[in-house]
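Here are a few exercises to work through with the model open beside you. Try each task before reading its solution.

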Amino acid sequence: MKKMRILGSLLMFVLLVALAGCSSQKAAEIPKQDVGTAAASVFSPDTKQAKAQMTKVILYYPDKMGKKLIASEKMIEVSKNKDTFYENTLKALLQPPAKDKGIKIMPKGTQILSAKLGKDKVLNIDFNQAFVKNFGGGGANSIMLIGSIVDTMTQFKEISAVRFYVEGKRLETLGDYDLTEPVKKITNIM
């Protein structure tokens, strides 16, 4: 029994020495790189998992007093299809802003059905019914909501104005805000 323990201990010792020797040899073979380089190599175009390309956009949210719009930066995935990029930007507006970067203005349950840029440089945005149904109303709320959307989207040079639709039908007013014409950047609330 004592011989078995000694033999077992000796075998464990030899095994540990062998493993320690292998691991130190492998460590010497692996080149050291910083975290940025390592991440870049994992997601390089040569691999099957290329990282999504992102770009910084400015989203405009009302301040807590509802008097002006506050700029908030957000990274948005770039799409080969510009309309998809516009939709992604608008979907970001559906989310609450970063802390101390304004308040969420989009009505509860609002969805972006489509965003298509016309040849006239007007972005046509189609919302679901919740955009109108759940809107809180009021003059200041109308200006802040429309301004948030229009000022966010007209930061892109190819968009000069925004036209609003709800489930495919042209939206004429929101609260007391006239939407019969495409809305251009609202500069007096920034």
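## Exercise 1: Ile 186

Ile 186 counts as buried because its relative accessibility is 10%, where buried means under 20% relative accessible area with a 1.4 Å probe and protein chains only. Before going further, note that this is a predicted model, in which local features need pLDDT of at least 70, side-chain atom pairs count only at pLDDT 80 or more, and totals for chains, interfaces and linings use all residues. Residues are numbered from 1 along each chain as its sequence is written, and side-chain values use heavy atoms, with hydrogens and water left out.

**Task.** Find where Ile 186 is located and which residues it is in contact with, leaving aside neighbours within four places in sequence.

**Solution.**
- Step 1: Ile 186 is found in the segment after β8 (177-178); strands are DSSP runs of E with at least two residues, and helices are runs of H or I with at least four, numbered from the N terminus.
- Step 2: Contact means heavy atoms within 4.5 Å.
- Step 3: With those neighbours set aside, Ile 186 is in contact with Ile 146, Gly 147, Asp 151 and Tyr 177.

## Exercise 2: Thr 152

**Task.** Is Thr 152 buried or exposed, and which backbone atoms lie by the polar atoms of its side chain?

**Solution.**
- Step 1: Thr 152 lies in helix α5.
- Step 2: Thr 152 counts as buried because its relative accessibility is 0%.
- Step 3: A polar atom of the Thr 152 side chain lies 3.0 Å from the backbone nitrogen of Tyr 60.
- Step 4: The backbone oxygen of Ser 148 lies 2.7 Å from a polar atom of the Thr 152 side chain.
- Step 5: Leaving aside neighbours within four places in sequence, the contacts of Thr 152 include Thr 89 and Leu 93.

## Exercise 3: α3 and α5

**Task.** Describe how α3 is placed against α5, beginning with the axes.

**Solution.**
- Step 1: Two packed helices are described by the angle between their axes and the distance between the axes.
- Step 2: The axes of α3 (residues 82-93) and α5 (residues 139-153) come within 11 Å and cross at roughly 145°; axes are lines fitted to C-alpha atoms, for helices over the stretch in contact, with angles from 0 to 180 degrees between N-to-C directions.
- Step 3: From α3, Tyr 86, Thr 89, Leu 90 and Leu 93 meet Ser 148, Ile 149, Thr 152 and Met 153 of α5.
- Step 4: Buried residues of α3 include Phe 85, Tyr 86 and Leu 90.

Key
Buried means under 20% relative accessible area, exposed over 50%, partly exposed in between (1.4 Å probe, protein chains only). A polar contact is a pair of N or O atoms within 3.5 Å; within protein, one must be able to donate a hydrogen and the other to accept it, and residues adjacent in sequence count only if both atoms are side-chain atoms.
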